[in-house]
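Good morning, and thank you for joining this group meeting. Please look at the sequence and the structure as they are shown.

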Amino acid sequence: MPRSGSYIRSMPFSNSYARLPERFYAKLPPTPVAAPRLIKWNEGLARELGIAMLDVEVLAGNRLAEGSEPLAMAYAGHQFGGFVPQLGDGRAILLGEVVDTKGVLRDIQLKGSGPTPFSRRGDGRAALGPVLREYIVAEAMAALGIPTTRALAAVATGETVWREEPLPGAVLTRVASSHIRVGTFQYFAARGDEEGLRLLADYVIARHYPDAAGPREMLDRVIAAQARLIAKWMCVGFIHGVMNTDNMSVAGETIDYGPCAFMDTYHPEKKFSSIDEMGRYAYINQPRIAHWNLVRLAETLLPLIGEAQAQAAIDAFPSLYQDALSAGFRAKLGLKDEQPDDMTMVQELLDAMAANEADFTLTFRRLYEDALPDTFDAWRTRWQARLKDADRETMRLANPAFIPRNHRVEFALAAAQAGDFSPFEELVQVLSRPYDDQPEFAKYAEPPGPGEIVQRTFCGT
Ligand code: AMP
Ligand code: MG
């Protein structure tokens, strides 16, 4: 909890996005809330950013930090395959960017900060549950070593938001390498705004891919970053749930945690999202969808790079992804050298896991512990013959003991909603060291009991 006297009210903001032309955003401040109360401050992340604790009034959007030029970003996007030419930040405000201790520019954004010109029929607000959910999962992903936006703070607003029921409101302070999405490029492409596209590409190159010589190489970098990211998701059983193009970051970070989930029982077709009826964004579909989204990005760049270049860039995705995936699974299996049939061996294990309804995370952790259940004996014999000397430390760091299991997340959110934040605090603490055994928290490594299984997740927007 915050120490009094350590608050700051000004920030060394860069406001580089605000320097782009006015059609890139709508400038407006966050809308104040009734009774802000700090729920959580991420001191480790604050240190990484080189900033002191922010006043709760700033984190709630009730007062602007000096130097901030707040804005809502414009973007478009394909949602479940259908194109929406204007989405934009309907419930988020970019306060500005800060240079972190490594010299990297990071966005500071409030999410749930009130209506904007992009809100359409939404109220611009966020409920406590989804805010804490994003806090838990984003920070867990970061600890797992998976590129992600981060959670700097969560604040209760003292206001009620109306969804299917009245819920307590909250604001999340989100930190990102940037909030530029595939959908941001689509916004300008849909308007035939070639100058806008060029300026956006220049901005993305300068900020994320300074070694890229132009938009073609920028596209290569985005494709490579996404191939690596999706492979990492697949290696931990993460299902994003809403892989719309407006939820895909050009910086290659996981962004917009809605009805996301980590699988307990392994099944390739697993999906959790209540709004994903067709399973478009099911576990096994994620690489194909990423590729599809990146084709949408490439299309926006046609006026700048032409068809042949766009196609060549796009065609690289499958092998970049396969390379990243097999590197990831080789690490999980402790295989140091690469052999042609490695992925066959992985697939055989996954098939056996599906047939036995095995827990994804636990099976791989048991593999690292050399404590795989007997059901996998036949596979283990082949694996051991292939293994020679297992790289145990690589295996440990590729097979987490702790993931944000759905039943633990739900329990923490329900308790928080009832005013008890201790399960949330404990869960965040456990998940900050996913690869360590933490015997005192062993129960968090366990799959849900029969009565605890979460089948559906909701985005709660
Ligand atoms: P999401 O499904 O959260 O990625 O959001 C898709 C679009 O809906 C984005 O443009 C959001 O800004 C907008 N949106 C989501 N929830 C709200 C809300 N409560 N109020 C206004 N806009 C929203
Ligand atoms: Mg979104």
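This is a predicted model: local features need pLDDT of at least 70, side-chain atom pairs count only at pLDDT 80 or more; totals for chains, interfaces and linings use all residues.

**Arginine 125 and its surroundings**

I begin with arginine 125, which touches Thr31, Pro32, Val33, Arg91, Gly112, Ser113, Gly114, Glu159, Val161 and Arg163, leaving out residues up to four places away in sequence; contact means heavy atoms within 4.5 Å. Residues are numbered from 1 along each chain as its sequence is written, chains are lettered from A and ligands numbered from 1 in the order in which they are written, and side-chain values use heavy atoms, with hydrogens and water left out.

Is arginine 125 buried or exposed? Arginine 125 is buried, with a relative accessible area of 10%, where buried means under 20%, exposed over 50% and partly exposed in between, using a 1.4 Å probe and protein chains only. Its side chain reaches the backbone oxygen of threonine 31 at 3.1 Å. Between the C-alpha atoms of arginine 125 and isoleucine 314 there are 37 Å, and 189 residues along the chain.

Let us turn to the metal. The magnesium ion (ligand 2) has Asn247 (OD1) and Asp256 (OD) as its protein donors, at 1.9 to 2.1 Å; donors are N, O and S atoms within 2.8 Å of the metal (3.2 Å for Na, K and Ca), and water is not among the atoms, so sites may look incomplete. Asparagine 247 and aspartate 256 are both buried.

Finally, tyrosine 17 is in contact with Phe24, Leu71 and Tyr203, among others, neighbours within four places in sequence being left aside.

Technical notes: A polar contact is a pair of N or O atoms within 3.5 Å; within protein, one must be able to donate a hydrogen and the other to accept it, and residues adjacent in sequence count only if both atoms are side-chain atoms.
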